[in-house]
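Trainee: I've got a new model open and I'd like to learn how to read it. Can we go through a few features together?

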Amino acid sequence: ESFKAVRTSDVVPPMDFAIITGWQVTMAHSHKSIFPTTIDGDLLKLVHLSNGFCMVDGAKPLRIGDVCYSEARIASVTNTDAGKVVKVKSYIYRAGTPVIEVVLAFLYRGRFTNYKNTFETTEEPDYLINLLDDAAVGVLQSKEWFKWDDQSVPLQAGTAHFFRMQSQVTYKDKTLYQNVSVSGDIFVHDQLKRFIKVGLVDFQQDDYQGNPVVAYPLRHGNPQGSLTPLANNAYTLSKDGSTVFITPLTNEPYSKISGNFNPIHVNPYFSDYASLPGTITRYVVERHYSEVRRECRCQRSS
């Protein structure tokens, strides 16, 4: 903290704080989120798969003293080769406005062939589509899911349109959807680069293979806000390109701090009963080692 105080009087909590908040609301409603009766999974086969978080567009970072609350919902339940994956999405709110999105994924190990109650909700990336000529305009107008609602301005060639959509699918089997539903809005930029809504997307179909709505911007548009990989596979922070660390002999100290007393992390006998090779060290420990390594390297460089 003293290292930061010489640069700014505002202390910004690390982004990892979002994981704590997202985890708390997920565990508080675990009977609805990762342990609902509709999921035919064995709790002894359940492991924590991954964490992810990102700032909501336009939101400012959390500050010390902010009063926040969070809400969570199941974003998807899917069958994979490794087992049944449950993703829980939560948002951290400040003054009623979402600030951080958190996605936690859990895996029920095993083989699942029953696709009942499997579904997926996806916030598609924004797509920019340039209608270069009248033929492109005609292709878009021919889509049954496309609706132009700005009658004062006709759809014309040479205009860039932004598509913002959400897809919801339920699975019938591995390759066929029981139902596909896509909704969203279409925008153009005005002279001040503000988004002006000019149309909407509305599609629903039963017993369908693939998502024809998302397929259109994939063919004709460009996703916005995509990650751009660094050249030459980025760079390394260590001379030999790798870092070796020894995991702790016990996870109990972290369990006391985090409040996560899942026995597969602290009890070797329970881990063996759950058919695991040993107690599982949380990803946070590995993340801590990598962050310490990076910060020490940056401080030496500065």
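**Starting from one histidine**

Mentor: Leaving out residues up to four places away in sequence, His161 touches Tyr127, Leu128, Ile129, Leu131, Trp148, Leu155, Ile186, Phe187, Val188 and Val198, where contact means heavy atoms within 4.5 Å. Keep in mind that this is a predicted model, where local features need pLDDT of at least 70 and side-chain atom pairs count only at pLDDT 80 or more, while totals for chains, interfaces and linings use all residues. Residues are numbered from 1 along each chain as its sequence is written, and side-chain values use heavy atoms, with hydrogens and water left out.

Trainee: Is His161 buried or exposed?

Mentor: Buried means under 20% relative accessible area, exposed over 50%, and partly exposed in between (1.4 Å probe, protein chains only). His161 has a relative accessible area of 2%, so it counts as buried. You'll find His161 in strand E8; helices (H or I, at least four residues) and strands (E, at least two) are DSSP runs, numbered from the N terminus.

Trainee: What does the side chain of His161 reach?

Mentor: Polar contacts are N or O pairs within 3.5 Å; within protein, one atom must be able to donate a hydrogen and the other to accept it, and residues adjacent in sequence count only if both atoms are side-chain atoms. Here the His161 side chain reaches the backbone oxygen of Thr159 at 3.3 Å.

Trainee: And how do I read a core?

Mentor: In soluble globular proteins, nonpolar side chains tend to be buried together. A nonpolar core is a set of buried Ala, Val, Leu, Ile, Met, Phe, Trp, Tyr and Cys residues joined through side-chain atoms within 4.5 Å.

Trainee: How many residues are in the largest nonpolar core?

Mentor: It has 24, and Leu140, Trp145, Phe163 and Val201 have the most contacts inside it. Among the elements giving two or more residues to this core are helix H3 (134-141), strand E8 (159-171) and strand E10 (195-208). The largest share, five residues, comes from E9. There is also a second, separate core of 17 residues, including Ile19 and Val99.

Trainee: Which residues other than glycine have a positive phi?

Mentor: Ala95 is one of them, with phi of about 55°. Ala95 sits in the loop between strand E3 (83-94) and strand E4 (97-109), and its 76% relative accessibility is why it counts as exposed. Ser275 is another, with phi near 65°. Ser275 lies in the loop between helix H7 (268-273) and helix H8 (283-301), and at 49% relative accessibility Ser275 counts as partly exposed.
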